[in-house]
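Work through the exercises below with the model open. Try each task before reading its solution.

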Amino acid sequence: MKSSQQLHVVRHKIDVSSVLAWHLDGPRPGLVNDTASDVMLKFHGWLLYEPIYRATVWVDDGEQRHSFELTVERPNVVEQKLGVSAENHPLRRCGFQFEVPVFNKPFTFGFRVNGQSMTVLEGQWLTQPQIAAMEQPQKTSIWQRFKK
């Protein structure tokens, strides 16, 4: 019997002036994987970047990097995050939505802006005890504390 796994993600901090803001609407951490078959994992969200550049999003499964264009219109994001009308804004199509076959595999997710590739999160499938062990603070013995 296969134990149920959940999606666990580690988000990387990026300090790149060409990226204004971003959000991954899905997949969400905690997504349950209780199937043994290979199914597609759906990614959707948005990326705001300096409009003088070109940007794409990508998912790397360790064997292949899948790249996708920003093709989904997200006027709500432009208006809320930038505070301007989205009617003719160059970033109106700042959204993405795609599926890739990484449902049972670890993966990295990132952006390519102005020729610079950056990893923004790593995802992997873990059991609940594995996630709890990762999130639990590491205990040190009294002898380890004195060595410091």
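**Exercise 1. Find the contacts of Val 39, leaving out residues up to four places away in sequence.**

Solution. Count a contact where heavy atoms lie within 4.5 Å. Val 39 then touches Val 100, Pro 101 and Phe 103. Next, check the distance along the chain. Val 39 and Val 100 are 61 residues apart, yet their C-alpha atoms are separated by 8.5 Å. Now place the residue. Val 39 sits in the loop between strand E3 (32-33) and strand E4 (41-49); strands are DSSP runs of E with at least two residues, helices runs of H or I with at least four, both numbered from the N terminus. Val 39 is partly exposed because its relative accessibility is 33%; under 20% relative accessible area is buried, over 50% exposed, and in between partly exposed (1.4 Å probe, protein chains only).

The model is predicted: local features need pLDDT of at least 70, side-chain atom pairs count only at pLDDT 80 or more, and totals for chains, interfaces and linings use all residues. Residues are numbered from 1 along each chain as its sequence is written, and side-chain values use heavy atoms, without hydrogens and water.

**Exercise 2. Is Thr 56 buried or exposed, and which residues does Thr 56 touch?**

Solution. Start with the element: Thr 56 belongs to strand E5 (residues 55-60). Then read the accessibility. The value is 9%, so Thr 56 counts as buried. Leaving out residues up to four places away in sequence, the partners of Thr 56 are Leu 47, Phe 68, Glu 69, Gly 110, Phe 111 and Arg 112.

**Exercise 3. Count the aromatic pairs, then classify the pair of Phe 43 and Phe 98.**

Solution. Apply the rule: rings of Phe, Tyr and Trp (its six-membered ring) pair if their centres lie within 6.5 Å; planes under 30 degrees apart are stacked, over 60 edge-to-face, and the rest tilted. The count is 9 aromatic pairs. For Phe 43 and Phe 98, the ring centres are 5.3 Å apart and the planes at 10°, so this pair is stacked. Phe 43 lies in strand E4 and Phe 98 in strand E7 (residues 95-100), so the pair ties together parts 55 residues apart in sequence. Both Phe 43 and Phe 98 are buried.

Take the next pair. Phe 96 and Phe 98 are tilted, at 5.9 Å centre to centre and 35° between the planes. Phe 96 has a relative accessible area of 2%, so Phe 96 is buried. For Phe 98 the figure is 7%.

**Exercise 4. Which residues line the largest pocket?**

Solution. The lining consists of Leu 7, Val 9, Arg 11, Trp 22, His 23, Leu 24, Pro 27, Arg 28, Pro 29, Phe 43, Phe 107 and Leu 121.

**Exercise 5. What is the order of strands and helices?**

Solution. Count the elements: 3 helices and 9 strands. Then read along the sequence: β-β-β-β-β-β-α-β-β-β-α-α.

Key
On a 1 Å grid over the protein atoms alone, a cavity is a set of points where a 1.4 Å probe fits but cannot get out, and a pocket is an open set with protein on both sides within 12 Å along at least five of seven lines; lining residues have an atom within 4 Å of a point.
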